[in-house]
Amino acid sequence: MSNIVRLVIACVVLGAAIAMSAFGLWGWGILVLLIGGIILLSFFFNENMIIAQFYLRKENNEESEKWLLKIKDYEKELWKNQWGYYNLLIGLIESRRAPMKSEKYFKKALSLGMKMSHNTALAKLSLAGISMAKRNKREAQQYLTEATKEDKNKLLAEQIKMMKGQLAQMDKQVQRGYRNY
């Protein structure tokens, strides 16, 4: 359902709640007001994305992908601030299947922007892992330092530390490779 349609429905339902309250039907007015509030919240927080995040936390990728695919055109169905999060979720699901194909989703999520810094740090950390898989050390180092700066609450500190250790191992493997030849 388009966001404009959701907003119109929410306004109509909230108007009906006010009318019911004005005519003395307080019980029904409060009930309809709560329903209108839920519809208005669905304008800001898409229910498909919330359910997809729930299944992603439970590590049920198939179910999460099923709910995300219900969003046909994310530019019409989601609020503009959610576009980055949508691409981040698609990227996380795709990274478990084919990590190299998920790079475009993470870059698109970063270009669209996300309000929460730890989500930006997660996207940059994922891009650092993809760069390491491509053996692009400089780019991986750059993404890791950016992810460290973005992770203000230290939610991803352990993963960043582990990734830096893997980057150091990559240096040792390169040095060993040159000594053997």
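Q: In this predicted model, does Tyr-55 count as buried, partly exposed or exposed?
A: The relative accessibility of Tyr-55 is 23%. Buried would need under 20%, and exposed over 50%. Tyr-55 therefore counts as partly exposed.

Q: How many aromatic pairs does the structure hold?
A: Ring centres must lie within 6.5 Å to pair. The number of aromatic pairs in the structure is six.

Q: Is the pair of Phe-54 and Tyr-55 stacked or edge-to-face?
A: The ring centres of Phe-54 and Tyr-55 are 5.4 Å apart. Their planes stand at 65 degrees. Over 60 degrees counts as edge-to-face, so the Phe-54 and Tyr-55 pair is edge-to-face.

Q: Is the pair of Tyr-74 and Tyr-86 stacked or edge-to-face?
A: The centres of these two rings, Tyr-74 and Tyr-86, lie 4.9 Å apart. Their planes are at 25 degrees. Planes under 30 degrees apart count as stacked, so the pair of Tyr-74 and Tyr-86 is stacked.

Q: How many residues apart are Tyr-74 and Tyr-86?
A: Tyr-74 lies in helix α5 (residues 74-77). Tyr-86 lies in helix α6 (residues 83-97). The pair links distant parts of the chain, and its separation is 12 residues.

Q: Are Tyr-74 and Tyr-86 buried or exposed?
A: Buried means under 20% relative accessible area. Both Tyr-74 and Tyr-86 are buried.

Q: Which ring has the charged end of Lys-70 over it?
A: The charged end of Lys-70 is 3.7 Å from the centre of this ring. A charge over a ring must be within 6 Å of the ring centre. The ring belongs to Trp-67.

Q: Which residue meets Glu-63 in a salt bridge?
A: The N to O distance is 2.9 Å. Both partners lie in helix α4 (residues 61-68), three residues apart, about one turn of the helix. The partner of Glu-63 is Lys-66.

Q: Which residue forms a salt bridge with Glu-146?
A: The closest N and O atoms are 3.5 Å apart. The pair links distant parts of the chain: Glu-146 is in helix α9 (residues 137-150), and its partner is in helix α8 (residues 117-133). The partner of Glu-146 is Lys-124.

Notes: Residues are numbered from 1 along each chain as its sequence is written. This is a predicted model: local features need pLDDT of at least 70, side-chain atom pairs count only at pLDDT 80 or more; totals for chains, interfaces and linings use all residues. Side-chain values use heavy atoms; hydrogens and water are left out. Buried means under 20% relative accessible area, exposed over 50%, partly exposed in between (1.4 Å probe, protein chains only). Helices (H or I, at least four residues) and strands (E, at least two) are DSSP runs, numbered from the N terminus. A charge sits over a ring if NZ of Lys or CZ of Arg is within 6 Å of the ring centre and within 35 degrees of the ring normal. A salt bridge is a side-chain nitrogen of Lys or Arg within 4 Å of a carboxyl oxygen of Asp or Glu.
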